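Open the model in your viewer and keep the selection tool at hand. The stops below follow one another.

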Amino acid sequence: MNFIPYSRQNISKDDINNVIKILKSDYLTSGPETEKFEKLISNYLGVKYAVVVNSATSALHLSCLALGLKKNDYFCTSNNSFVASANCGVLCGAKPVLLDIDLQDFNLCIRTLSEKLKQIKKKPKIVIPVHLAGYPCKMDKLKKLSKIYKFKILEDASHAFGSFFKKNKIGSCKYSDIAVFSFHPVKIFTSGEGGVAVTNDYSLYEKLKILRNHGITKSKKNFIYKAKNFAYYEQLFLGLNYRLSDIHASLGISQLNKINIFYKKRISLKKEYDRQLRDLPFIFPKYNIKNKFSNHLYILMINPKKTQKTRNQLMNYLRKRKIITSIHYMPIHKQPYYRKYKFNNKMFKNCNFFYENAISLPIYPNLSSAKQKYIILAIKKFFKK
Ligand SMILES: *Cc1c(COP(=O)(O)O)cnc(C)c1O
């Protein structure tokens, strides 16, 4: 038997055929396929504009730039995230304010944020909520705070394609300025590498598009000087090459077609884990069923009050049986790079508890029910022995 990973892409013939078609076409880099991908994404999410780029990390970086984040500004994000959620702001020269999580849903704690906002003199320019596992942050409360303290909201929705906050799709940007999704192979659907920034704000959209392509514009209406010839272009800002290729976009398009199948498979795997594991010494997240979500990850925590056994022992036990689990995440403040900010470890009680006890079990569309049974049985045996 091969290893069972914690997540994995699901590629089929139609995906392969679509990519081959583009390899034979006129465009390899950003072209008609990329534009088509953007239209399909914005239609699906119910948002005005989509700018696809070569990763969610690039999308986060561009979004911070487009929102005007600069040296000596502050920004806030969850301390329990992938490092890119913080790196994007640091890359703009801004200072990170990391927030402890709520142990109900593992997302940034709104109460902690609210207290922080009262305390700190220099208010953050941007707050970056992360919808961990795809489960949405309390966006209505966040939006209220943003009106009082005048910060922008940039959603790191890398896990949350297909998720809702109450009745609104994440990515409709009802509560935010920009939302970002990832198309990395472990995420909800993939373009190989890739990501997107979506917004309802036309001027942000224009900026994102220009920054993605070196800060260059080719459209007449943006020119400072008069066009000299048909090849004329101008560089307006300091940008980057974060373009997505048409090869990647073609994979993304055929994957997006199958999103509802992926979504249903994840929900049924989640329900089976819930049913089978509920009597074991775990602490389950307290997700509100009103928020339908992508189930990108299946996370629970060992309950140290109910068992002597540790999360690390469980991970090792499963690994010996070829089951790969993971931890999402090590708190950002513990990363060697972030030590220089001298964050106070005591401020992150919940993140630290999570990091000690949380485990992400395998969940992905083509995880067979036989394999899931094998995983569940192994976990039950671990607690019996
Ligand atoms: C995967 C991920 C990213 C980065 O996505 P890439 O497309 O790999 O750059 C950023 N934030 C979170 C929360 C992620 O899980």
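**The sheet**

Select the seven strands of the open sheet: their order is β1-β9-β8-β5-β4-β2-β3, with mixed pairing. Here strands are DSSP runs of E of at least two residues, helices are runs of H or I of at least four, and both are numbered from the N terminus; two strands pair if DSSP finds at least two bridges between them. Now select the edges, β1 (49-53) and β3 (95-99): each has a single partner strand, so one side of each lacks a neighbour in the sheet. From one strand to the next, the twist averages 20 degrees. Angles run from 0 to 180 degrees between N-to-C directions, with axes fitted to C-alpha atoms, for helices over the stretch in contact.

This is a predicted model, in which local features need pLDDT of at least 70, side-chain atom pairs count only at pLDDT 80 or more, and totals for chains, interfaces and linings use all residues. Residues are numbered from 1 along each chain as its sequence is written, and side-chain values use heavy atoms, leaving out hydrogens and water.

Go to helix α6 (residues 139-149), lying across β4 (126-128) and β5 (152-156). Helix α6 runs at about 150 degrees to β5.

Key:
Contact means heavy atoms within 4.5 Å.
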